[in-house]
Amino acid sequence: RGRRMRQAGVCGALSGPTHTTSGVPRVRLGRDVERGSRQKDEALMARGPRHLAMGSATAALAIAAACLAGAVAAAAATPLGRKYSWSASTPPRLQWLGNDGYCGEVSAIMAGLKFGQYLSQYDLRDVATGSQLRYYLVGENDGVTARRLRLQHSEYPNTCVPREGARRGNCARQYLAWAKNQTRHGGAVTITVYMNYNLFYGSTDPRAGEVDYDHIVSVARVDSDYDDDAFHADDLLTIVDHGLWSPDNVPQYAFTYAFGAAMGSREEANSPDGEVYTVPDAYSGGNFGIAHTGPADGGGELVPVRVDTSVNFERPGIKDGSQVRPPPMPLNLTVTASALVPGVRYMLYEYANETAVPTAAFNAHKADAAASLPFVAAGGDMDGANATFTVRRSIMSDEKVFYRAVRADAP
């Protein structure tokens, strides 16, 4: 896929300078978008940086609520002022910073939760690389990791390579359109970004950082005035950075950028007047991304299952340079099967390891499950469909759990 195996890690470094705590990162909307919300922005600015920070926090809470609510497309204006909004339904999570950071691992964990499975950052990296000192990298081992985790996926094809004289942002436009498409159609999308090394580490080197990307983030939502899969400069991209940017040690998590203003070169990304994150534009190797689209389901038998956790972190985090798993913590899970037909009998299966999870004929492989629960769907909407079934489970954070639900009469 045109990438080299990097020597340095991603997701920030414990050994580097501390993150800046001055100021509040702006929501980068670009001129066309800013025009529509200028009065609100000027009012916030007139009240000072603290009120601007409160506005950012309120926006982050609204985004988190939308993530929990699920994907929607509405005719009325969304909280970010667009006609349509598509949420990934993946609430933010906090990454470990040791061993060059677990940003890619957390992105994959978030996708897994959406599709019915949980495992720790330690175990995700172990599945991906077999070592805590090697990294989950988008564009390197993300696809094979998805297959090992029994998740369907679509990798960004990366067929656009910037060329001399080409339209500025041509490849990044295709990349953002792909992220929009995958989010609109229910995928859990992971993309890569540059970090602003001036803001994070005080670096004055305009080329500081990696040439391809520095950080792996999850797409939380896309807002647009257009119900299509195309790039529009005023479309809005909201990413979650897994808590890496933490002014005053308080993670911001959510960042919203207009498509047209989100792109930049390595040098532009490091500008003192730049944004916290930038979508790479004009890197000769292209862009890198993966969309997890559901559990592996060769027979089309599964109904949707998602897992929500009682907290979004694992503490303590791993020690830098260590291969030793940190002590686990208690974790409460809410497991929800949806799109059920009332009155129909289903089976909910729990597996304790990814290697035990079937990819078809789930009832025939009942013996592979660590536990099974028969249930009859009840409730539903006015049309007598779309019932849900919820169970709660208490585990330790170092346990793996994979859930799959099928009709009892399925193969």
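I began with burial: of the 411 residues of the chain, 53% count as buried (under 20% relative accessible area with a 1.4 Å probe, protein chains only; exposed is over 50%, partly exposed in between). I note that this is a predicted model, where local features need pLDDT of at least 70, side-chain atom pairs count only at pLDDT 80 or more, and totals for chains, interfaces and linings use all residues. Residues are numbered from 1 along each chain as its sequence is written, and side-chain values use heavy atoms, with hydrogens and water left out.

Next I checked contacts (heavy atoms within 4.5 Å). Among those between residues at least 6 apart in sequence, 74% join residues at least 24 apart.

Then came the aromatics. I found 15 aromatic pairs in the whole structure (rings of Phe, Tyr and Trp, the last by its six-membered ring, with centres within 6.5 Å; planes under 30 degrees apart are stacked, over 60 edge-to-face, the rest tilted). Tyr84 and Trp86 are stacked, because their ring centres lie 6.0 Å apart and their planes meet at 10°. I have Tyr84 as partly exposed at 21% relative accessibility, while Trp86 is buried at 4%.

I also looked at Phe255 and Tyr277, an edge-to-face pair with 5.1 Å centre to centre and 85° between the planes. Phe255 is buried at 2% relative accessibility, and Tyr277 is buried at 1%.
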